Amino acid sequence: MHTRWSLPAIAGLIFVATFAASAQQPAPKSGGWTLPATAADEKNPFAGDPKAVESGKTLFKKMCERCHGPGGKGDGPDADPDAQQDMDLTVARRAERNPDGVVFYKMWNGRSKPKMPAVKDDLTKEQAWQIVCYVQTLREKSQ
């Protein structure tokens with residue numbers, strides 16, 4: 001009798017554990033981005049630090065410029081011409097829906113289409129945040 005209930009009980013525990021674990025994973029967002037639910041609320045630990053902006057600029061040149069271009073307009077030599085509008089980092093109205101935490105996770109996790117390579121295997125989180133500092137300076141002031 002004890003054995004008859006143990007198999008369904010174990011199966012139930014496995015189901016609950018699997019469900020709980022999947023709830024912890026970041027969910028894909030529209031556009032192919034994988035962002036945690038708290039991404040928009042995450043604060044840049046280097047916000048307002050001029051040294052971080054300079055470091056971010058150097059890292060941007062090395063890691064991002066080939067696609068996003070030297071001014072962040074999405075016109076780099078490896079840019080996808082069909083996705084240039086999405087790759088343009090200078091549009092001020094996008095800053096509101098892309099706060100620092102969202103920009104960080106878009107860079108960190110990347111996406112497949114249009115292609116945005118993830119940086120999590122090449123940079124530290126501190127370096128990624130420094131790039132965010134620099135990228136936010138590219139937003140056009142008027143618009």
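How close do the axes of α2 and α7 come, and at what angle do they cross?

1. The axes of α2 and α7 come within 7 Å and cross at roughly 95°. Axes here are lines fitted to C-alpha atoms, for helices over the stretch in contact, and angles run from 0 to 180 degrees between N-to-C directions. The two helices α2 and α7 are therefore roughly perpendicular to each other, a label given to angles of 65 to 115 degrees, with under 35 counted as roughly parallel, over 145 as roughly antiparallel and the rest as oblique. On the α2 side the contact (heavy atoms within 4.5 Å) is made by A52, V53, S55, G56, K57, L59 and F60. On the α7 side Q127, Q130, I131, C133, Y134, V135 and T137 take part.

2. On the source: this is a predicted model, in which local features need pLDDT of at least 70 and side-chain atom pairs count only at pLDDT 80 or more, while totals for chains, interfaces and linings use all residues. Residues are numbered from 1 along each chain as its sequence is written, and side-chain values use heavy atoms, with hydrogens and water left out.

3. The protein has seven helices and two strands, in the order α-β-β-α-α-α-α-α-α from the N terminus. Helices (H or I, at least four residues) and strands (E, at least two) are DSSP runs, numbered from the N terminus. Of the 143 residues, 36% are buried, where buried means under 20% relative accessible area, exposed over 50% and partly exposed in between (1.4 Å probe, protein chains only). Among contacts with a separation of 6 or more, 56% join residues 24 or more positions apart.

4. Buried in α2 are A52, G56, L59, F60 and M63. Seen down the axis of α2, these residues fall within an arc of 105°, so they line one face of the helix; the arc is that of the directions from the helix axis to the C-beta atoms. They pack against α3 (65-68) and α7 (125-137). The face turned away from the buried side carries the exposed residues P50, K51, T58, K61 and K62.

5. At the start of α2, a side-chain oxygen of D49 reaches to within 2.9 Å of the backbone nitrogen of K51.

6. Q136 lies in helix α7. Its side chain reaches the backbone oxygen of N98 at 3.4 Å. Residues up to four places away in sequence aside, Q136 touches N98, P99, D100 and V103.

Technical notes
A polar contact is a pair of N or O atoms within 3.5 Å; within protein, one must be able to donate a hydrogen and the other to accept it, and residues adjacent in sequence count only if both atoms are side-chain atoms.
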